[in-house]
Amino acid sequence: MADLPSPGALASLQKIYALWRQWEKRFSLACQPGCAACCTQAVLATRLETEYLAQAFPAETTAILAQVSDRQWPAPRLTTNQFAALCLARSPEPDDPYQPQSAPCLFLDARGRCQVYPARPLACRVMASTRPCHEAALPPEIFTSIGSVFMQAVEHLDGRQWGSLWSLLPLVLAPVEAKGAAARDNAGPLRPCHPLPGLLLSNREWQQAKEVIQELLGLISGQPSHQQEKP
Ligand code: SF4
């Protein structure tokens, strides 16, 4: 499996994040700094996103290395694109013992603010609510479906590894000489990224978000997933 991102992948990732920011401006969200109800340790990401985060916040990511390296972090059995492929084929979903980690995210500061907010993974960006979460979170209609499509695109763009952010960080931050067997052995279960199999959108959703989805697909065209391994 390739260790390095494909040329231009980091730039495309930044454009995808910017596109999501543009898209979410259409909605009236109740999310405010310091509300961290959705900020648990169940952060899933691609390796590319983890590299972007580690480059943008080297001190913050290195500071938590000791906390994340001494345990295994679970990941779902299926990546976003594998799950989408099953749904598109109308195949039954396999049993998965995965339990999301509900403890507070390791990047929260004492005031409940994200220390790495500008470079947070897409999985964090697509969590939003139209009312305060203490009243029960309510994502805007269509927000979740389009968020899943963005996550599919980011997985496709990377084409390498996907899983818990806390498994990916040691792999990305390990000194060059430690990369290889040792870093991978401690990384916890990571899944190979899969190519985009198609979109899980109704006709109505497609019509509502056609422009943004077309722009998104344009950003990953020419950046084909180079996934080669079976899980
Ligand atoms: S990385 Fe930041 S936005 Fe994401 S869950 Fe952690 S604290 Fe929240």
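**Entry 1: Val 43**

I started at Val 43 and looked up its contacts, leaving aside neighbours within four places in sequence: they are Cys 105, Pro 121, Ala 123, Cys 124, Ser 164 and Leu 165. A reminder to myself that I am working with a predicted model.

Next I asked which residues surround the ligand. I found Val 43 there again, along with Cys 39, Cys 105, Phe 107, Leu 108, Cys 114, Val 116, Tyr 117, Arg 120 and Cys 124. Sorted by class, this shell holds 9 nonpolar residues, 1 charged residue and no polar ones.

**Entry 2: the core**

I then turned to the largest nonpolar core, which has 44 residues. Val 43 turns up here too, listed with Phe 150, Ala 153 and Val 154 as the residues with the most contacts inside this core. I noted the elements that give two or more residues to the core: helices 1, 2 (47-56), 6 (122-125), 7, 8 (165-173) and 10, plus strand 1 (44-46). Which helix gives the most to this core? My answer is helix 7, with 8 residues.

**Entry 3: helix 1 and helix 10**

The axes of helix 1 (residues 9-24) and helix 10 (residues 203-220) cross at roughly 175° and come within 10 Å. Since angles over 145 degrees count as roughly antiparallel, helix 1 is therefore roughly antiparallel to helix 10. On the helix 1 side I listed Ser 12, Lys 15, Ile 16, Leu 19 and Trp 23 as making the contact; on the helix 10 side, Val 212, Glu 215, Leu 216, Leu 219 and Ile 220. Their classes come to 7 nonpolar, 1 polar and 2 charged residues. I kept in mind that an α-helix has 3.6 residues a turn, so residues three or four places apart point the same way.

**Entry 4: helix 5**

Where does helix 5 (residues 80-88) have its buried residues? I found them at Thr 80, Asn 81, Gln 82, Phe 83 and Ala 84. These buried residues pack against helix 7 (143-158). Following helix 5, I came to Arg 90, which has a positive phi, near 55°.

**Entry 5: the whole chain**

Last, I stepped back for the overview. I counted 10 helices and 3 strands in the chain, and along the sequence they follow the pattern α-β-α-α-α-α-α-α-β-α-α-β-α. Of the 231 residues, 35% are buried. I also checked the contacts between residues at least 6 apart in sequence: 87% of them join residues at least 24 apart.

Technical notes:
Residues numbered from 1 in each chain as written. Predicted model: local features only at pLDDT ≥ 70, side-chain atom pairs only at ≥ 80, totals over all residues. Near = placed C-beta within 6 Å. Nonpolar A, V, L, I, M, F, W, Y, C, P; charged D, E, K, R; others polar. Buried ≥ 20, exposed ≤ 12 C-beta atoms within 10 Å, placed from the backbone. Helix = DSSP H or I, 4+ residues; strand = E, 2+ residues; numbered from the N terminus. Contact = placed C-beta atoms within 7 Å. Axes fitted to C-alpha atoms, helices over the stretch in contact; angles between N-to-C directions. Parallel < 35°, antiparallel > 145°, perpendicular 65-115°, else oblique. Core = buried A, V, L, I, M, F, W, Y, C linked by C-beta atoms within 7 Å.
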